[in-house]
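Here is a short walk through one model. Keep the sequence and the 3D view side by side as you read.

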Amino acid sequence: MTFPCFFPFLQNGELIYGCKDARSPVADWSELAHHLKPFFFPSNGLASGPHCTRAVIRELVRVITRVLLSGSDKGRAGTLRSGPGLRGPPVCEASPFSRSLRCQGKNTPERSGLPKGCLLYKTLQVQMLDLLDIEGLYPLYRRVERYLEEFPEERKTLQIDGPYDEAFYQRLLDLSTEDDGTVAFALTKVQQYRVAMTAKDCSIMIALSPCLQDASSDQRPIVPSSRSRFAFSVSVLDLDLKPYESIPHQYKLDGKIVNYYLKTVHAKDATVMSTRFKESEDCTLVLHKV
């Protein structure tokens, strides 16, 4: 078990886990366990060695999971349940099959297995606002652009650059997928895409503070561990809305990725065909006139 480099840990403001240098992840993992041992001492009594390291990290993961699944009511932890949406073969989120399920309402946060009210559930709700991928969205973006070219004074009315108030977010609740050809429909899908992309690129910061077993905290919720209890707070960062002007860039970038993939596949196919021809040279049938 290793944590990705974009999942850093800080203790009293000092980085204790992350991409600090070129050391192996195992070394960083052991150092992280060393720092956390006083707070996550394994309940099995192991005080050193790789088993202790794994036990400390497992306890840390358990605490973080409880925090992320906790609701807003004083940190009451929810339970990850196996809903009907988790049965059957896994589906790539980028596949047309997954998109069709989402449009039919079969791929929803309710079927994710996450407890309602927890941060991950709410984040997933926002991330699933993009009912269209960038290829489907770009024509709608162009529709809005043509309208703004003709009526540039409407940019403020359409709230392209804000304010992102309650009225703005209320319009995001329109999840209709039938295009009626209006600017309003196109604008709603563009804004939903921007908000969803923002949620997919946000950061979550968890702060844990050890507290005494008999101490009560009216300000922050509490999460227990095998050795102690922690008062915690959760913050969501990097929530500046993705720029409206970034959509053409995303469209071009998507095209470059697709083209590179196609070139790679074609080159691989050409190599395979060339190899097959070479292998068949000894079996070539030559016909001569008689």
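Start with helix 7, residues 183–200. Helix 7 has 18 residues and reaches 26 Å from its first C-alpha to its last. That is close to the 26 Å expected at 1.5 Å a residue, where the expected span is 1.5 Å times one less than the number of residues. Helices (H or I, at least four residues) and strands (E, at least two) are DSSP runs, numbered from the N terminus.

A word on the source. The model is predicted: local features need pLDDT of at least 70, side-chain atom pairs count only at pLDDT 80 or more, and totals for chains, interfaces and linings use all residues. Residues are numbered from 1 along each chain as its sequence is written, and side-chain values use heavy atoms, with hydrogens and water left out.

Three strands form an open sheet in the order 3-5-4, with antiparallel pairing. Strand 3 (203–211) and strand 4 (222–224) are the edge strands, and each pairs on one side only. Direction ignored, neighbouring strands of this sheet are turned by 40° against each other on average; the axes are lines fitted to C-alpha atoms. Two strands pair if DSSP finds at least two bridges between them. Nine bridges join strand 3 to strand 5. One pairs S203 with L237 of strand 5. Strand 4 and strand 5 (residues 229–237) pair over three bridges. V223 has F230 as its bridge partner, and P224 has R229. A hairpin of four residues joins strand 4 to strand 5.

A pocket is an open set of points on a 1 Å grid where a 1.4 Å probe fits, with protein on both sides within 12 Å along at least five of seven lines; lining residues have an atom within 4 Å of a point. Of the 34 lining residues, F7, P8, F9, M205 and I206 are the closest to the centre. Strand 3 gives the most to the lining, with eight residues. Helix 7 and strand 5 are among the elements that each supply at least two. By class, the lining has 26 nonpolar, six polar and two charged residues.

Terms used: Axes are lines fitted to C-alpha atoms, for helices over the stretch in contact, and angles run from 0 to 180 degrees between N-to-C directions. Ala, Val, Leu, Ile, Met, Phe, Trp, Tyr, Cys and Pro count as nonpolar, Asp, Glu, Lys and Arg as charged, and the others, Gly among them, as polar.
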